[in-house]
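Trainee: I should like to learn how to read a structure of this kind. May we go through it feature by feature?

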Protein chains: 2
Amino acid sequence: MDKCALRDLHVLVEHVGPIPAGTHIFRAGDRFDAIAAVRSGTVKTSRVDREGREQVLGFYLPGEIIGLSAIHRGCYPCNAIALDSVQLCRFSFPKIAILASRLPGLQKKLFDLLSRDIGYAERLSGDHTADERIAAFLVDLSRRLAARGFSASRFHLTMPRTDIASHLRLAPETVSRVLRRFKDEGRIGLRRREVELKDPAGLASLAERMLTT
Amino acid sequence: MDKCALRDLHVLVEHVGPIPAGTHIFRAGDRFDAIAAVRSGTVKTSRVDREGREQVLGFYLPGEIIGLSAIHRGCYPCNAIALDSVQLCRFSFPKIAILASRLPGLQKKLFDLLSRDIGYAERLSGDHTADERIAAFLVDLSRRLAARGFSASRFHLTMPRTDIASHLRLAPETVSRVLRRFKDEGRIGLRRREVELKDPAGLASLAERMLTT
DNA sequence: CTCGCGTCTTGACCCAGGTCAGTGCGACGA
DNA sequence: TCGTCGCACTGACCTGGGTCAAGACGCGAG
């Protein structure tokens, strides 16, 4: 995004938070009026099917944008829930869309973010083993944290195992077992929700089929 | 899209085709310079992993747009292949992006299409049984064909079983078996690639968990 | 300190769907 | 008319990961 876009954005930003863990930021069906950038903390998005089973669609780290998939229906298609204490920057969507018309850099950035999310969802939908999914989850998280200046090798999982499982389309028990085996094999260090990637290259090669392309 | 946008689009459209079945329209890695609307025929998009296994990402019917997921990397992330004789309208992306800046209706339409594709990929990635996947595939196809003025209840599958299987993350054998059972149960008529939906309501209720939300 | 609760782990068992190995059956060319 | 070639179908068997049922482990409240 160019300098010009960033300067103009200040006029339509609304800082929100801190929002405590467990709070809904928006709910499926709410009228869509804004996207938001995570400033601190972690947000999960999920939908709940008729039978009440939750499906976690994604986790959003500081610097990442939530709400984009709501554009085409005018209301949010999923819930967004704070996993820990969260601070956001809200951008009114009508205003940002108008601004994007004047700023090609901003328009490009929005197309870019949307297009990236398609790729992410497509990767998840591939048929992959539990090992591949979990390795890819760890490697992806590590890279995204590193991109924001956090440690790539040691980090805290802000989400419970059930959410990881739901996001990867696995049973929570499977997540436990695979993490356990990765630990036994010396690929990771693990204590409760603290993770250390001891063999990033090995994990990346396991994750390769999922993360590549 | 508003009238004004449609009129201006004429200046940057390039009609392409007929392209014979089996031809690559673009390949993964090709420089991204255009999106295209399918005018007639069917296009599949797919990626091929390191081990040479093809994963079908989507099927595109007349009226639908291919190439959007390429925006964020500047090159196509997948192959697009004609399944039968195909005619396209190509839109230069740089030009259409500039035009979108001047036409809020067009910008909205592009955001909309991107956002819709995210929803589609997310649905596919859910954990669903083979029955749900195949019912959802048939119902979705029927609806999209109907939206373009084709029969909703009788249609021709332009893709081989292996492509359907790959797209739904199933084995081709499973596709065969489930279609067979749907036929035995009187839900569909099936002969080779000709399908008739005999019980659209029943299929829709099977597909519900996948198509809803 | 310890009680209680929510999260996580572990083990035993089971099944949907994958894999393998043939068999059918049009479509098309000679 | 007959090969033959490539999808499509079917049956027998196998397995990754889901399910069920106990525990174990922290952690906060009192």
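Mentor: Let us begin with contacts. Two residues are in contact if their C-beta atoms, placed from the backbone, lie within 7 Å. Please keep in mind that this is a predicted model.

Trainee: Which residues is A:Ser92 in contact with, leaving aside its neighbours within four places in sequence?

Mentor: Apart from those neighbours, A:Ser92 is in contact with A:Leu12, A:Asp33 and A:Ala34. A:Ser92 itself belongs to strand S8 (residues 86-92) of chain A. A:Glu14 is 78 residues from A:Ser92 in sequence, yet their C-alpha atoms are 8.5 Å apart in space.

Trainee: How many C-beta neighbours does A:Ser92 have inside 10 Å, and how is it classed?

Mentor: A:Ser92 has 15 such neighbours, and it therefore counts as partly exposed. A buried residue would need 20 or more.

Trainee: How should I read the nonpolar core?

Mentor: In soluble globular proteins, nonpolar side chains tend to be buried together. Here, the largest nonpolar core has 68 residues. Those that touch the most other members are A:Val43, A:Ile66, A:Leu114, B:Val43, B:Ile66, B:Ala80 and B:Leu114.

Trainee: Which residues does B:Val43 touch, not counting residues up to four places away in sequence?

Mentor: B:Val43 touches B:Ile25, B:Val38, B:Tyr60, B:Ile66, B:Ala80, B:Ile81, B:Ala82, B:Leu83 and B:Val86.

Trainee: How may I check the length of a helix?

Mentor: One compares an expected span with the distance between the end C-alpha atoms. Helix H4 (residues 130-147) of chain A has 18 residues, which at 1.5 Å a residue should span 26 Å; its end C-alpha atoms are 26 Å apart, so the two agree. Just after H4(A), A:Gly149 takes a positive phi of about 90 degrees.

Trainee: Which residues of H4(A) are buried, and what do they pack against?

Mentor: The buried residues are A:Arg133, A:Ile134, A:Ala135, A:Ala136, A:Phe137, A:Leu138, A:Val139, A:Leu141 and A:Ser142. They pack against strand S9 (154-156), H5, H6, strand S11 (194-197) and helix H7 (200-211) of chain A.

Trainee: How many residues does each chain bring to the contact?

Mentor: Chain A brings 34 residues and chain B brings 35 residues. On the side of chain A that touches chain B, strand S5 (54-60), helix H2 (93-102) and helix H3 (104-125) of chain A each give two or more residues. The largest share, 14 residues, comes from H3(A). By class, this side has 13 nonpolar, 11 polar and 10 charged residues. Since 100% of the interface residues of chain A are also interface residues in chain B, the copies meet through the same surface.

Trainee: Which residues are closest to DNA strand C?

Mentor: Of the 16 residues that surround DNA strand C, the closest are A:Pro160, A:Ser176, B:Thr129, B:Ala171 and B:Thr174. H6(A) supplies the largest share of this surface, six residues. The surface has six nonpolar, four polar and six charged residues.

Trainee: What surrounds DNA strand D?

Mentor: DNA strand D is surrounded by 16 residues, the closest being A:Thr129, A:Ala171, A:Thr174, B:Pro160 and B:Arg161. The largest share of the surface near DNA strand D, five residues, comes from H6(B).

Methods: Residues are numbered from 1 along each chain as its sequence is written. Chains are lettered from A and ligands numbered from 1 in the order in which they are written. This is a predicted model: local features need pLDDT of at least 70, side-chain atom pairs count only at pLDDT 80 or more; totals for chains, interfaces and linings use all residues. A nonpolar core is a set of buried Ala, Val, Leu, Ile, Met, Phe, Trp, Tyr and Cys residues joined through C-beta atoms within 7 Å. A residue is buried if 20 or more other C-beta atoms lie within 10 Å of its own, exposed if 12 or fewer, and partly exposed in between; C-beta atoms are placed from the backbone. A residue is near a molecule or strand if its C-beta atom, placed from the backbone, lies within 6 Å of it. Helices (H or I, at least four residues) and strands (E, at least two) are DSSP runs, numbered from the N terminus. Ala, Val, Leu, Ile, Met, Phe, Trp, Tyr, Cys and Pro count as nonpolar, Asp, Glu, Lys and Arg as charged, and the others, Gly among them, as polar. The expected span of a helix is 1.5 Å times one less than its number of residues.
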